[in-house]
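Thanks for coming, everyone. Please look at the screen while I bring up today's model.

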Amino acid sequence: MEDIISVEHLAYVYPDLDGQKGTQVFENLNLTIESGSFVAILGTNGCGKSTLAKHFNSILLPSGGKVYVDGIDTSDLNRVMAVRRCVGMVFQNPDNQIVANVVEEDVAFGPENIGVAAPEIRRRVDKALKQVGMYEYREHAPHLLSGGQKQRVAIAGVIALEPKCIVLDEPTAMLDPRGRRDVMETVEKLNREKGITVVLITHHMDEAAQARRVIVLDKGKVAADGTPKQVFSQVEMLHKLGLAAPDSVELCWALRQKGFDLPLDALTPEECAQALYDWLKT
Amino acid sequence: MLKDITLGQYFPGTSVIHRLDPRTKLLGVILYIVALFLAKSWISYGVVLAFLILAISVSKIPPKSIVSGMKPLVVILIFTGVLNLFYSDGGVVLVKIWKLTITSEGLTRAIFMTSRILMLISGTFLLTYTTSPIALTDGLESLLGPLKKLHVPVHELSMMMCIALRFIPTLIEETDKIMNAQKARGADFENGSIIDRAKALIPVLVPLFISAFRRADELATAMECRCYQGGEGRTKMKLLRYGRNDFYAFGGLTALIAVVAVLAGFGL
């Protein structure tokens, strides 16, 4: 499969501010994201996750190296719009990304910006709202919706631009468990049914476990990269970086420390229960 | 307590007036005001008043809410009335106390001017009561469109208005939260002199401003991510279109102005 995003020798330094020297976030980062994949990016605060995400649609431009999105160089200022149509971004606080005071008007904001004709905007808005399950709320005022609903409206606003890839920067950090589940289901569905590439930046290990590939960033470098099972079974490495594995893996790992011979690839409570059951049987 | 603030005083509804194009309503109010100021006699006032009552009854806005909307303006009304009452000469002297005289002319003028203001305000209320803020902004943007040629940033202005309206409830909620947080730490907003209370608001306003700037920054990034690049080449999902009712409305208003103007021509 071809790569939708490829990061080549990326270097990035935050510009100097008020005499304070800028910080170097990346020195030489290489990374590719396959078209149609579901990738989770993990890391502690300040490891450069959000900075990396902002490189994916020309919000930040590399200080060195290149970022290509669908073959387009993101630093090519003439093609910024093409990059942004290809990669949509969803941020942490849904309140700060909703522009209009009616749900459907907000979803229409993106297509309106790129000059889509009125009937086509209508079609895209309805389609996007149905995909995130917010169609019945199309005439509501956003401030009366719950956090999870607002975040789904924000996702609809992004997919109305029909991007090939969406980047979600901690989309569930401000949501309650129910809102989190709804948002994760929506994202998962978009990836599975529409083939939209999903890059999910998160702090929640159980969310990362739902991805098909997990990348762990540490101090601007890739510390681990692989399937959730491969990455999360390296529990000691995760601990050293200040991260944790999903609860089920942590449990198996803790039991292993006590001398029980359990596998470390149980990512869900069900798999964990099965592993314990199998172990008890032997 | 802050939740009670209503904005734009919009009453959602489905009446003919609600469904008129916002541009029609904006221009309509201007035409109505022209008619009102052309009216010079009680007869033409009666015509304008009849038109107003007809419009209000069609809009199905409860007259009570229009009356209650007048409350903050009572001072201005009384001021106008009293001023006209005492400062007009001519006519028969009705009452004379010390140096103040009330003449019949003064009384008529007082009633005339206050009812003009009352009718003026009721007319504009009809606009804000039947038009959602977002429709108003759209209408304004479209009406002011020609000014773009004179480099007036019409789109930017309407975008700003739209975002301001969108964030008012969010910021009210936030203010409530900050006030509660300060109250929990012993701040007192209800007691003391006006100066004390104003001082107590400073620790609310500072975090509110900081958060508003942070929000603005995030919103700007989110808008950029959604391909926003100003009004150039932008389309609209909901196009404003004049319908049959709009022509009737314009017809009615033109007739109103014509009748009032003819009456004025006859010195009435």
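How many helices and strands are there in chain B? There are 10 helices and 2 strands. Helices here are DSSP runs of H or I with at least four residues, strands are runs of E with at least two, and both are numbered from the N terminus.

Some ground rules. This is a predicted model: local features need pLDDT of at least 70, side-chain atom pairs count only at pLDDT 80 or more, and totals for chains, interfaces and linings use all residues. Residues are numbered from 1 along each chain as its sequence is written, while chains are lettered from A and ligands numbered from 1 in the order written.

Now walk along chain B. The pattern reads α-α-α-α-α-β-β-α-α-α-α-α.

Next, its shape. The C-alpha trace of chain B spans about 65 × 55 × 35 Å along its principal axes. Of the 268 residues in chain B, 19% count as buried. Buried means 20 or more other C-beta atoms, placed from the backbone, within 10 Å of the residue's own.

Now the partner. Chain A puts 34 residues into the contact, and chain B puts in 25. Two residues are in contact if their C-beta atoms, placed from the backbone, lie within 7 Å. On the chain B side, helix H8 (154-184) and helix H9 (194-225) each supply at least two residues. Which one gives the largest share? That is H9(B), with 8 residues.

Last, contacts inside chain B. Take those between residues at least 6 apart in sequence: 74% join residues at least 24 apart.

Technical notes. A residue is buried if 20 or more other C-beta atoms lie within 10 Å of its own, exposed if 12 or fewer, and partly exposed in between; C-beta atoms are placed from the backbone.
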